[in-house]
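Student: I am new to this structure and would welcome a guided introduction. May we proceed by question and answer?

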Amino acid sequence: MSKPVGDHSSLFFAHSLEGRPESEWEGLEEHLQKVAQLASCFAAEFGAGEWGRLAGLWHDLGKFQPEFQDRLQGSRESVEHAGVGAALAFEKSRDKGLPLAFAIAGHHAGLADLTTSATREDGRRPLRERLDSNLRILSKVRPHLPDRFTSPELPPFPDRCDLSLHQGVRALEFWTRLLFSCLVDADFLATEDFYKPGLRRKALAGYDEVATLSQRLDDYLDKLVGSLSEDRRSSSVNRRRAEVLAACRAASELLPGLFSLTVPTGGGKTLSAMSFALRHAALHGLRRVIVAIPFTSIIEQNARVYRDALGDANVIEHHTGLDPRSAEKRNREAETRRRLAAENWDAPIVVTTNVQLFESLLAASPSRCRKLHNVSRSVLLLDEAQTLPVGYLLPVLDLLRELTDHYGCTVVFTTATQPALGRRESLKQGFEGVHEIVPDPSALARDLKRIRVDWPDLAAGPRTYAELARELAGLDRVLAVVHLRRDARTLAELLPAEHRFHLSALMCPAHRLQIINEVRERLKEDKPCRLVSTQLIEAGVDVDFPVVYRCLGGLDSLAQAAGRCNREGRAPEPGQVVFFVAETPPPTGTPRDGLEITQEMLREHGGVIDLDDPKVFGDYFRRLYFSKDLDYRGIQPLRQSLSFTSVARRFRLIPDETYPVVVPFGDGGERLAELRRYGPDRLLLRALQPFVVNIREREVSQLQGRGALETIVDGIYALTPVFENLYDLKFGLLVADEGGPDPERLIV
């Protein structure tokens, strides 16, 4: 290894892999030493440096077999090599050796289950079964193994990894994932540097330190305030925004742990939260800020805000909503940089999705787990925290507790409608000691209030869409939010076509973005604009209507819809929010339960609920969580049985029963034609993401029955050329059954 090249966030650069051996085989020992040193450095970040070193040292011991040498010379005989180091660890200790055995045995194929047979579906055997055969291979290979590689003994476990307690086993399970992450990232980096020397060093050079970024954000915010007129600077909204920012700066000095930032729409939450995160990271030696956002409709919007303040090069987006083809055309170097950094989150600021973050924390594949060690010693900003998945709440809380208690992380729950995550009798797994950053969220909400709310008379029953359409048609600028895709189209078609807009997830992301941008321009210019949307418009989309109609539903959703009304507080009069009982109910599950709880609370509160009172939302979420199974897929018991593959398969925030259909919007048709002509490749498949609509299995069957779908890649469909008219430029993909729910399409 060469000497360190400077103080950089990436340990890869601090331990560069210079020096290329003449062949892969001749470099085996050197490769093992390189991987061992890198994995040790990564694991040292959470106190497991020696474990990382042993994982790197032993992961390819099977390549010392004479049979593997023959394979390098052209033999086609299959040779088991990953299991030899796993067997060595297990032989040294059948308990302490398990984490290394899991990591080493899975460094190509992924983490297996310990004993169950679920992994057989993709050809992977349970680890116990595999170890039995690997121990026999080890006995044959041992004479070929250098003593200096095999002689080290296993260090002790962390105290919390107590195999006699359920919590202790889950702690060991998560620790094993982090150890696995260190090994696979080190192996990827060492191999990449062998074949492409200096590629990553050149592409990722030049990140700023978090302290530098913190100062840059301070300067940006000060300049932003200085550019305002005296009247605007002294307005009540901007005074309160300044107070939120000051509270974030003050709280950044507190020790790492759990924080909440309860700020209503328009309170400057996005940049104030980042100010807290960067200051806190700089003060406490944390390495990066990871922003997790639930909705695709706001991730690029928020990332753009961060890039404007901190510079393009320091902000890395990681989600499949990106269009790599267009990004490469704009700036090939920048896209290469983004892609490399996204592989292991080696950047000072990472903007990603809840799906990517939480599914990765419980993943089993090397590529998904590779970045996990870089989550340690980070600030996690969980935007719109009320959207944490109810059915997976217990494993999510457990993971966040592990990260804050044992991996040096700080977690910030940011939202206007804080979920009730505190420990209590009905949620014994809840948190204690969450520090609220804003001194008085209730007073802040009252001072930033810019709307008046009309609540429905529950006794009067539902309103018809025909009646609503007549009312909406009399307004120049209005947003109406409904439960279902079918309802959105029904209501939109009842409105005059002129100045009418429609949004649902039956429109591909590129189409939706086009509509949102057009709506924003019309609102900015005070032009007529009537938008009918499903819930995808809620929770952070930067639109500002003077009037918002929203069908009655869960209280958090109502508050988020209200946040699209008079968002900037520029109107001389308060905005108007009208809640109504729709003629169709929301989908079963959490949406239906949320509606019933809201109706129950309305009756208890005399027909009016104060949306500016954070305590109201605490009450709502306590009732919601009490009514639901918070681990409905049985993730926690599977973790306790060390069933890594089974956990990864079950922990899916996006239901598996949806299927992507490529639609002919924009240049999506040209990209699809290219795929048909040349066949699939990873970049082209990613480039199709902005032109994909996800539909259910029954809708796939209906379209296939009409001859309207063709399979372009296994599990990915496209409209056949003669049925391309099924994609409508007003309403998106025309399917026979549009009655399903339409939550914003989360992406991996």
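Tutor: Let us begin with a definition: an axis is a line fitted to C-alpha atoms, for helices over the stretch in contact, and angles run from 0 to 180 degrees between N-to-C directions. Please keep in mind that this is a predicted model.

Student: How do helix 22 and helix 23 cross: roughly parallel, oblique or roughly perpendicular?

Tutor: Helix 22 spans residues 465–473 and helix 23 spans residues 485–494. Their axes come within 9 Å and cross at roughly 50°. Angles under 35 degrees count as roughly parallel and those from 65 to 115 as roughly perpendicular. The angle therefore makes helix 22, relative to helix 23, oblique.

Student: Into which classes do the residues of the contact of helix 22 with helix 23 divide?

Tutor: On the side of helix 22, the contact involves Tyr-465, Ala-466, Leu-468, Ala-469 and Leu-472. These meet Asp-487, Thr-490, Leu-491 and Leu-494 of helix 23. By class, the residues of this contact are 7 nonpolar, 1 polar and 1 charged.

Student: Why is the protein described as being as compact as a globular protein of its length?

Tutor: The secondary structure of the protein comprises 32 helices and 19 strands. For 748 residues the globule rule gives 27 Å, so the protein is as compact as a globular protein of that length, its radius of gyration being close to that value, at 27 Å.

Student: What percentage of the residues in the protein is buried?

Tutor: A residue counts as buried when its relative accessible area is under 20%. Of the 748 residues in the protein, the buried share is 58%.

Student: Where does Ser-376 lie, is Ser-376 buried or exposed, and which residues does Ser-376 touch?

Tutor: Ser-376 is placed in the loop between helix 19 and strand 5. With a relative accessible area of 1%, Ser-376 is buried. Ser-376 and Leu-286 are 90 residues apart in sequence, yet their C-alpha atoms are 8.6 Å apart in space. Leaving aside residues up to four places away in sequence, Ser-376 touches Glu-45, Phe-46, Arg-287, Tyr-407 and Cys-409.

Note on methods. Residues numbered from 1 in each chain as written. Predicted model: local features only at pLDDT ≥ 70, side-chain atom pairs only at ≥ 80, totals over all residues. Heavy atoms only, no water. Helix = DSSP H or I, 4+ residues; strand = E, 2+ residues; numbered from the N terminus. Parallel < 35°, antiparallel > 145°, perpendicular 65-115°, else oblique. Contact = heavy atoms within 4.5 Å. Nonpolar A, V, L, I, M, F, W, Y, C, P; charged D, E, K, R; others polar. Rg over C-alpha atoms; globule rule 2.2 N^0.38 Å. Buried < 20%, exposed > 50% of the residue type's maximum accessible area, 1.4 Å probe, protein only.
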